[in-house]
Amino acid sequence: MDTKVRPNDDFFRFVNGTWYDNTEIPADRTRWGSFDELRQNTDNDVLQILNEALQNPKYTSDTDQGKALNLYRTIMDTVSRNKAGINPIKPTLAKIDKIKNVKDLHQLIMQEQRTGSLGFYSIGVGTDSKNSNRNIVNVGLGSIGLSDRDYYVSNDADPKEKREKYEAHIARMFQFIGMKPAKAKEEASKVLAIETTLSTASFDRVERRDRRKTYNAMTVNDLQNLTPSIAWKQQLTSMGLGKVDSLIVSQPKYMQTLEKIFQENKVDAWKSYLKWTLLRSSAGKLSTEIEDANFDFYGKTLTGAIAQRP
């Protein structure tokens with residue numbers, strides 16, 4: 001509290017003034033408050049639990065705890081990660097290169113859905129917003145690399161600058177998977193074009209908060225008519241959801257735009273987008289060089305962090 005300030009003059013300063021004047025935002029953060037401090041404390045507690053569990057011989061690799069510890073060891077082993085480079089994602093990159101048509105595209109998305117979406121659209125199960133006694137399948141947006149629609153559609157100075165730097169970042173990252181600079185720049189342009197099309201068809205941040213707009217109940221047949229290029233029954237069956245007959249589509253207009261992208265049949269652009277989605281989502285688990293390059297944009301340029309989190 002700052003008792004030098006009267007609460008009826010400035011209640012914020014009265015409650016927070018002393019903390020505000022004496023607290024610095026940590027170099028590896030872009031904001032800091034009570035919830036961030038709670039999160040940091042929780043992270044420290046989890047780290048202590050993990051380190052203690054590593055010393056416990058009962059957590060063998062065939063136990064759930066052992067599997068979690070193996071994942072932790074793998075991510076922390078930067079020597080092995082640097083040696084492996086992009087090898088962990090090479091099999092999926094090879095599958096992407098083999099795509100020849102929309103059927104191949106959806107077969108691959110279907111294969112990868114359980115381990116991590118390759119973008120374009122997402123499928124999940126959650127509590128029905130209008131009936132908390134049941135869960136329901138939700139079909140939502142795919143993955144894009146910038147955090148807000150305005151970065152893609154606004155021509156104000158800041159979003160435009162971030163968009164240009166984002167495209168340069170994609171080109172830089174593509175060189176880690178073997179592309180020459182000129183090719184990487186060309187493919188980055190394709191990625192930005194697809195993500196801009198998807199973002200333009202998406203709700204803005206105000207619309208996303210309107211639960212009435214994002215609750216669009218449909219049958220699987222309705223969704224099939226909306227996006228006929230996707231074999232939805234096959235897709236759902238592959239995820240163990242074959243008996244589902246109704247679902248929630250968060251943004252029908254987005255799905256219609258997605259169908260147009262598939263109808264255009266720009267296979268090379270699809271591949272570029274899929275490769276970028278894969279590389280971006282994997283960057284923090286590959287070599288430290290790739291992880292650092294990703295931080296240069298997402299940490300420093302986009303959010304203003306000074307240092308990378310340990």
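## Packing of α5 and α6

Helix α5 (residues 90-97) packs with helix α6 (residues 102-112) at an angle of about 160°, and their axes lie 10 Å apart. Axes are lines fitted to C-alpha atoms, for helices over the stretch in contact, and angles run from 0 to 180 degrees between N-to-C directions. Helices are DSSP runs (H or I, at least four residues), as are strands (E, at least two), numbered from the N terminus. The two helices α5 and α6 are therefore roughly antiparallel (an angle over 145 degrees).

T92, K95 and I96 of α5 meet L108, Q111 and E112 of α6; contact means heavy atoms within 4.5 Å.

## Basis of the model

This is a predicted model, where local features need pLDDT of at least 70, side-chain atom pairs count only at pLDDT 80 or more, and totals for chains, interfaces and linings use all residues. Residues are numbered from 1 along each chain as its sequence is written, and side-chain values use heavy atoms, with hydrogens and water left out.

## Helix α15

Helix α15 bends by about 35° at F295. The bend is the angle between axes fitted to the seven residues ending there and the seven starting there.

Its buried residues are I290, A293, N294, F295, F297, Y298 and G299. Buried means under 20% relative accessible area, exposed over 50%, partly exposed in between (1.4 Å probe, protein chains only). Their cover includes α8 (157-174) and α14 (267-282).

## Positive phi in two loops

F120 sits in the loop between α6 and β1 (121-128). Its phi is positive, about 70°, although F120 is not a glycine. F120 is buried, at 0% relative accessible area.

N265 lies in the loop between α13 (252-264) and α14. N265 has a positive phi of about 60° and is not a glycine either. N265 is partly exposed, at 42% relative accessibility.

Conventions:
Parallel < 35°, antiparallel > 145°, perpendicular 65-115°, else oblique.
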